[in-house]
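Q: I would like to learn how to read the features of a structure. Please take them one at a time.

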Amino acid sequence: MPETTPKGLARLAFGGDYNPEQWPESVWQEDVRLMREAGVTMVSAGIFSWALLEPERGRYDFGWLDRLLDLLHAHGIRVDLGTPTVVPPVWFYREHPEALPVTADGVRYEFGSRGAICPSNTDYRAAAANITTRLAERYADHPALAMWHVHNEYGVPVSACYCDSCAAHFRRWLETTYGTVEAVNEAWGTAFWGQRYTGFAQINPPRTTPTVGNPAQALDYRRFADATLRENFRMERDILHRLSPGVPVTTNFMTALSQCDSIDYWAWGREVDIVTNDHYLITDGRRTHVNLAMAADLTRSVAGGAPWILLEHSTSGVNWQPRNPAKAPGQMARNSLAHVARGSEGAMFFQWRQSRRGAEKFHSAMVPHGGTGTRVWREVVELGASLDSLSAIRGTRTQADVAVLWDWHSWWAQNLDWRPSEDHDARERADAFYEALYDRHLTVDFAHPEADLSAYPLVVVPALYLLTEAAGRNLTQYVENGGTLVVSYFSGIVDEHDAVHEGGYPGPLRDVLGLTVEEFSPLLKGDTLRVTGPGGTELTGDVWSEFVVPDGAETVWTYADGLTAGRPAVTRHRLGEGTAWYVSTRLDAHGLDALLGRAAEDARIAPRADLPHDVEVVRRTGESGSYLFAINHSPSDAKVPLEAHGTELLTGERAAGRLAVPAGTVRVVRLDG
Ligand code: GAL
């Protein structure tokens, strides 16, 4: 069994990407001194260093990395060592220009940035295997080595290549997946628009076409591209496992749906020894702390609930958005500790020392351009001390209240062209339902639609356009056995090949929901609908409406306007021991709260009305005890009720009754008992 915690790391992970090759070695001495001052426990090194480690094919220079690892070890700092395979050196590309990836439009990218890799290219694979082998042979037994960090953020910036090698590789993948070309024709529905193939050799990647291409082909290409990246990861991982046993292997994920859409993290979570994640705040006007919580919950979920590590976030602003605000005082600590509350075993950053040159020189860092006399540095040092006082939480697990179903394959299928409305966005629904649950102070686990859901009193399906028959049976059984299910519109429409389920919408969910949807009726931009229901409540829908025909379900809210006036908008169906809700329009935050309130009653989840808005309360429990995290994102001081006495770990004070959480601060109470 491979190791699942960083070797020799006895505290929470705290540190960052360390790229000392950008600095003279004299600066390294200052770096390690400052790392000690800040309480750094681990750094990630070597991620982009291939050109230095192998300056010419077959000529290696490991001297600087030897000195670096020795220096870090001498200062008690553990190392997450990168395989530098995300940026092959220029000599490699000049020898193998076909290793540069090609877009769907046939444009070949040039060297000079990062991540320009054709994942099917056999020369790339051989060179990556070689440098990984050399590193593993040299450093497997180095005392500083805690963990291997393969590549960097697979899927970003190039998620798929459309070159001839990829075309050949895609054909092999299709042959393995389908066996015969007839099976491909059937799955892709090539009878439509005369797209029939008579041999695998005729099939190409979904390159640019005059109008919409075959959707099932496009969906399979996303699966193929993801699987190909995973082949490359496995190749490196297996070398490391063989040559460096006992040292866990990871690759940094980017689970935030706004940051990477090309990776099926359910599949990747099973491949790594430790799940690690990178997360950056997207400042698009939404509540960044809610998006952060969602990404952290998704990360924990792909880790199967096990502890994971936040490998990168930012101390302050980033540099790749149109406008990059600095973080407010205290925000970095709130961000870091929110990840920890949701299962991260530490908080790491991109990067340790802010670069003077290169594309990321305006990205914040732990040691800013302004040096140690700065607010950022003072907050970094404070955070190091806070994390140190939380060491005991290692190994504990975050407790969730409800499950939200998510599936990357469904998202990919949903985002193909020519859908009933371009205003319906699966990610937007996932975000909106998540936010409504967050505002009810419920902690969310994400789950795959075919996963065992029996542990959850409430399961929410924000948008699962693609849903297999097996998933439909899973949800039906879940309700029959006493669960409460909430399903939002345009779910359960197609099977795994993007073929519409037979027998009417929503295919495998009709029985559990007790209804059929006869027709979709998306709204025009800006149009809204009134929806009236219990106690005279009036909700607002937009984007979508449907002609719902109940078959066992009761109507709870009814459309008051539009083409669907007088018909069911929100329904409830008792089945077996449980209840299934269906909502056929896009409700706003108020409407979602009303719906989830009713569903939570069915699920017997007591409202948490005693918790203030924007005060996040999350629990981690395990052998070492039970810990309550209270994070006050609001501008007002707050009080959080405690169910037991305890010790507040950041201040060392005793806590009982109502815990004071001043505006903008975090409190972590270890409950007695
Ligand atoms: C990450 C990447 C880092 C750095 C960072 C900047 O996606 O892994 O190398 O570029 O973004 O925010």
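Q: Leaving aside its neighbours within four places in sequence, which residues is Gln-354 in contact with?
A: Contact means heavy atoms within 4.5 Å. By that rule Gln-354 touches Trp-23, Lys-361, Phe-362, His-363, Ser-364, Ala-365, Val-367, Pro-368 and His-369. This is a predicted model, in which local features need pLDDT of at least 70 and side-chain atom pairs count only at pLDDT 80 or more, while totals for chains, interfaces and linings use all residues. Residues are numbered from 1 along each chain as its sequence is written, and side-chain values use heavy atoms, with hydrogens and water left out.

Q: Where is Gln-354 found, and is Gln-354 buried or exposed?
A: Helices (H or I, at least four residues) and strands (E, at least two) are DSSP runs, numbered from the N terminus. Gln-354 sits in the loop between strand S9 (344-349) and helix H12 (375-389). Buried means under 20% relative accessible area, exposed over 50%, and partly exposed in between (1.4 Å probe, protein chains only). Gln-354 has 9% relative accessibility, so it counts as buried.

Q: What does the side chain of Gln-354 reach at 3.0 Å?
A: A polar contact is a pair of N or O atoms within 3.5 Å; within protein, one must be able to donate a hydrogen and the other to accept it, and residues adjacent in sequence count only if both atoms are side-chain atoms. Here the side chain reaches the backbone oxygen of Lys-361 at 3.0 Å. The side chain of Gln-354 also reaches the backbone nitrogen of His-369, at 2.8 Å.

Q: How many aromatic pairs does a search of the whole structure find?
A: Rings of Phe, Tyr and Trp (its six-membered ring) pair if their centres lie within 6.5 Å; planes under 30 degrees apart count as stacked, over 60 as edge-to-face and the rest as tilted. The search finds 35 aromatic pairs. One of them, Trp-91 with Phe-92, is edge-to-face, at 6.3 Å centre to centre and 80° between the planes. Both Trp-91 and Phe-92 are buried.

Q: Why is the pair of Tyr-280 and Trp-320 edge-to-face?
A: The pair is edge-to-face because its planes lie at 85°, with the ring centres 5.9 Å apart. Tyr-280 and Trp-320 are 40 residues apart, so the pair links distant parts of the chain. Tyr-280 is buried, with a relative accessible area of 4%, whereas Trp-320 is partly exposed at 40%.
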